[in-house]
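Here is a friendly walk through a model, meant to be read with the structure open beside you. Please keep both chains in view as you go.

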Amino acid sequence: MEILKIIGAVITLMGSVALLLGALGLVRMPDLYNRIQTGTKASTFGTMLTLFGLVFIFPGWTGKLIILILFVGISNPVSSHVLARNAYRAGVPLTGKTTVDRLAEDMEKKNVEPKNDAQ
Amino acid sequence: MVNTILTISVVLILLSVLLSLYRFIKGPNTADRVIAFDVMTIASIGLIALIAYFANRIVYLDVAVVYGLLSFIGVIVVAKFLEKSL
């Protein structure tokens with residue numbers, strides 16, 4: 001059973017490396033929307049892998065860990081989606097390197113005034 | 001062996017919490033601070049699970065569930081507040 005524990009520990013290590021890369025992207029990215037993308041995707045993946053590695057180490061904890069994995073996998077994309085949508089509506093500027101903004105085109109087509117004018 | 005690898009991963013998660021704390025302090029907008037808070041709390045869930053491993057107590061996983069629920073509700077409340085006020 002020692003080999004299973006080592007496999008679980010390596011999976012946990014991979015998850016924490018993903019968390020570190022996500023936080024690094026949070027520091028390095030130029031824009032709010034890029035930060036939301038890198039930060040949330042990498043941190044969701046990293047936390048799910050970290051919790052999944054513990055399943056191999058303690059097989060008795062599987063139920064609660066599966067509940068936590070499902071909860072993180074559902075709640076974190078929803079909250080980041082709500083945050084990105086409301087930040088765009090509130091007029092947080094895009095970065096200067098943006099070339100295409102489909103949401104602004106759609107809002108013009110429906111005669112909604114886009115508040116965001118950083119092109 | 002297992003303890004060594006898990007200690008390394010605790011150090012990496014603490015580093016990621018520190019990096020997102022930098023963005024939390026420096027971030028130019030309110031939304032930047034909210035996304036840094038989100039990443040911090042999601043990383044802390046993994047940290048709490050690893051603390052549960054080192055303390056050998058399953059009760060700490062319940063703490064992680066409640067912590068994640070509070071973080072989710074907090075981010076959604078601040079996002080709705082952003083749309084109405086700014």
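## How the chains are built and meet

In chain B, 43% of the contacts with a separation of 6 or more are between residues 24 or more positions apart; two residues are in contact if their C-beta atoms, placed from the backbone, lie within 7 Å. This is a predicted model, in which local features need pLDDT of at least 70, side-chain atom pairs count only at pLDDT 80 or more, and totals for chains, interfaces and linings use all residues. Residues are numbered from 1 along each chain as its sequence is written, while chains are lettered from A and ligands numbered from 1 in the order in which they are written.

Chain B has three helices and zero strands, in the order α-α-α from the N terminus. Helices (H or I, at least four residues) and strands (E, at least two) are DSSP runs, numbered from the N terminus.

How many residues of chain B are in contact with chain A? There are 41, and they meet 48 residues of chain A. Helices H1 (2–26), H2 (30–55) and H3 (59–85) of chain B each supply at least two residues to that side. The side has 30 nonpolar, six polar and five charged residues. Here Ala, Val, Leu, Ile, Met, Phe, Trp, Tyr, Cys and Pro count as nonpolar, Asp, Glu, Lys and Arg as charged, and the others, Gly among them, as polar.

Next come two helix pairs. Axes are lines fitted to C-alpha atoms, for helices over the stretch in contact, and angles run from 0 to 180 degrees between N-to-C directions.

| Helix pair | Angle | Axis distance |
|---|---|---|
| H2(A) and H3(A) | about 175 degrees | 9 Å |
| H2(A) and H2(B) | about 10 degrees | 10 Å |

H2(A) is therefore roughly antiparallel to H3(A), and roughly parallel to H2(B). Angles under 35 degrees count as roughly parallel, over 145 as roughly antiparallel, 65 to 115 as roughly perpendicular and the rest as oblique. The contact of H2(A) with H3(A) involves 16 nonpolar, seven polar and no charged residues, and that of H2(A) with H2(B) involves 13 nonpolar, eight polar and three charged.

The largest nonpolar core has 48 residues, and Leu19(A) and Ala43(B) are among those with the most contacts inside it. Such a core is a set of buried Ala, Val, Leu, Ile, Met, Phe, Trp, Tyr and Cys residues joined through C-beta atoms within 7 Å. A residue is buried if 20 or more other C-beta atoms lie within 10 Å of its own, exposed if 12 or fewer, and partly exposed in between. H2(B) gives the largest share of the core, 14 residues. Not counting residues up to four places away in sequence, Leu19(A) touches residues of both chains, including Ala42(A), Thr47(A), Leu12(B) and Ala43(B).

Finally, two loops. Asn56(B), between H2 and H3 of chain B, has a positive phi near 60 degrees and is exposed, with 8 other C-beta atoms within 10 Å. Met29(A), between H1 and H2 of chain A, is partly exposed, with 17.
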